[in-house]
Amino acid sequence: MPSPDSTRRVIIAGAGPVGLTAAVALANQGIPVTVLEAEPALTHDLRAGTFHPPTMEMLAAYGVTDAMLEQGLKVPHWQVRDREMGVVAEWDLGMLADVTPYPFRLHLEQHKLARILLDKLLAYPDTEILFSTPLSGIEQDAGGVTAFASRDGETLRIRGKWLIGCDGGRSFTRKAIGSEFEGFTWPERFAVLSTDYDLSAHGYARNAYIADPQEWVAVFCVPHDGPPGLWRAVFPITDPDEPDEEVLSSDGVQRRLKGFMPWRDHYDVPYASIYRVHQRVAKDWRVGRVLLAGDAAHVNNPLGAFGLNGGLHDAINLAGKLGAVWHGRADDTLLDRYVRQRRNTNIDFVQATSIRNKRLLEERDPGVRRERFDELRRQASDRNSAIPFLLQSSMIMSLRKAEEIQ
Ligand SMILES: Cc1cc2nc3c(=O)[nH]c(=O)nc-3n(C[C@H](O)[C@H](O)[C@H](O)COP(=O)(O)OP(=O)(O)OC[C@H]3O[C@@H](n4cnc5c(N)ncnc54)[C@H](O)[C@@H]3O)c2cc1C
């Protein structure tokens, strides 16, 4: 149980991968943390599965990356394809071998990362996680923050110096501080279907984005129970009137998959889900002693795999600055630099690029499609242009730019 009157701790709402990363990075600096999680256990989340090189660099300091590498699939190549023409451009992250010790994408299910992080967290002294304890109220004063959380029908009152809201896209924390979630929601839902059918037999890289004016697809192979893994395919649900139950019915799932993969009469599909997709950024990321990180602060479409990666970058950035404030090496205005760096990067890079990626895949004008494909082919075929492209798409360039923001 938390020490109710101790202000000497940081409270984190949400034990998703972002909250747990913030907790580990704070605990590593000797800062006591309490994590409040609404669910009774870590969620078995099938959303994110692709990690970029800078994320692995950041998590290496806590021994997390080594554990991820043991369980994950290294993906050095990824493709942009056209549903009819096949490969448009193939990218080789090996070209970044001089820039990063991790010149590949790593595929690993989000819930496996959360488990690794939780094990690391609980190995530090003075860390705790309270499951089935949703944050339900926040008060702050000059000396600290009081978090109210419901548990077994009672309201707990937990004192801390700071509170970080990592409680996901529907964040209670964001609403409690009155921060508007600016942006928009795409009209189409996304269906994510997983199958053990091995697309590499048809020339697919383990991560591929397949353009089509009627129905684009994005595929990526995750480790699941070990090789050969499961292939996840993301489809837009273009008919707004198609009910969720129909999309997820056996017929609906088989029809969608067979339209894209006409090689089998029936595919085993252990997982199928539907997501609403948003492009939104919270207006305020800090109000006094309360800060936001991860999906609580920003959400975007999954094309490019920036959502969780960006959230983990928030967590590491914020924990570093909060540590400096905690140990008296900086005053709390340093936390405003966290907001400037991470919020600007999210708007300028994550939002802009994920929207551009979606537009590329769904473009209907044949002339525009041709132009964009030609440009990609040109970039991929010449090392001098492929390297800058890879630095952008693997988030390295946007992090370098963020460092310049004071
Ligand atoms: C189909 C799909 C594919 C994706 N693929 C990728 C990818 O490949 N790469 C990538 O980078 N991103 C990807 N994303 C995005 C990624 O899944 C999210 O960005 C990520 O889950 C955000 O992590 P988080 O910890 O901020 O929030 P979450 O994972 O949502 O965790 C929030 C936690 O807070 C808890 N919580 C909620 N309310 C409260 C409360 N009041 N009190 C306490 N706890 C609370 C929740 O139970 C949950 O455990 C994808 C998303 C989708 C939909």
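**Close-up 1. Helices H2 and H8 cross in a left-handed manner in this predicted model.** The axes of H2 (residues 53–60) and H8 (residues 307–326) come within 10 Å, and their crossing angle is roughly 35°. On the H2 side, look for Pro54, Thr55, Met58 and Leu59, which meet Asn309, Leu312, His313 and Ile316 of H8. The contact residues comprise five nonpolar, three polar and no charged.

**Close-up 2. Arginine 83 and glutamate 215 join their side chains in a salt bridge.** Here the N to O distance is 2.8 Å. The partners come from distant parts of the chain, 132 residues apart: arginine 83 sits in the loop between strands E5 and E6, and glutamate 215 in the loop between strands E15 and E16. Glutamate 215 is buried at 17% relative accessibility, whereas arginine 83 is partly exposed at 25%.

**Close-up 3. A salt bridge pairs arginine 343 with glutamate 182.** Their closest N and O atoms are 3.6 Å apart. Because arginine 343 belongs to helix H9 and glutamate 182 to strand E13, the pair ties together parts that are 161 residues apart in sequence. Arginine 343 is buried, with 18% relative accessible area, while glutamate 182 is partly exposed at 30%.

**Close-up 4. Within helix H10, arginine 377 and aspartate 374 are three residues apart.** That spacing is about one helical turn, and the two form a salt bridge with closest N and O atoms 2.9 Å apart. Arginine 377 is partly exposed at 32% relative accessible area, and aspartate 374 is partly exposed at 34%.

Technical notes: Residues numbered from 1 in each chain as written. Predicted model: local features only at pLDDT ≥ 70, side-chain atom pairs only at ≥ 80, totals over all residues. Heavy atoms only, no water. Axes fitted to C-alpha atoms, helices over the stretch in contact; angles between N-to-C directions. Helix = DSSP H or I, 4+ residues; strand = E, 2+ residues; numbered from the N terminus. Left-handed = near helix turned anticlockwise from the far one by under 90°. Contact = heavy atoms within 4.5 Å. Nonpolar A, V, L, I, M, F, W, Y, C, P; charged D, E, K, R; others polar. Salt bridge = Lys/Arg side-chain N within 4 Å of Asp/Glu carboxyl O. Buried < 20%, exposed > 50% of the residue type's maximum accessible area, 1.4 Å probe, protein only.
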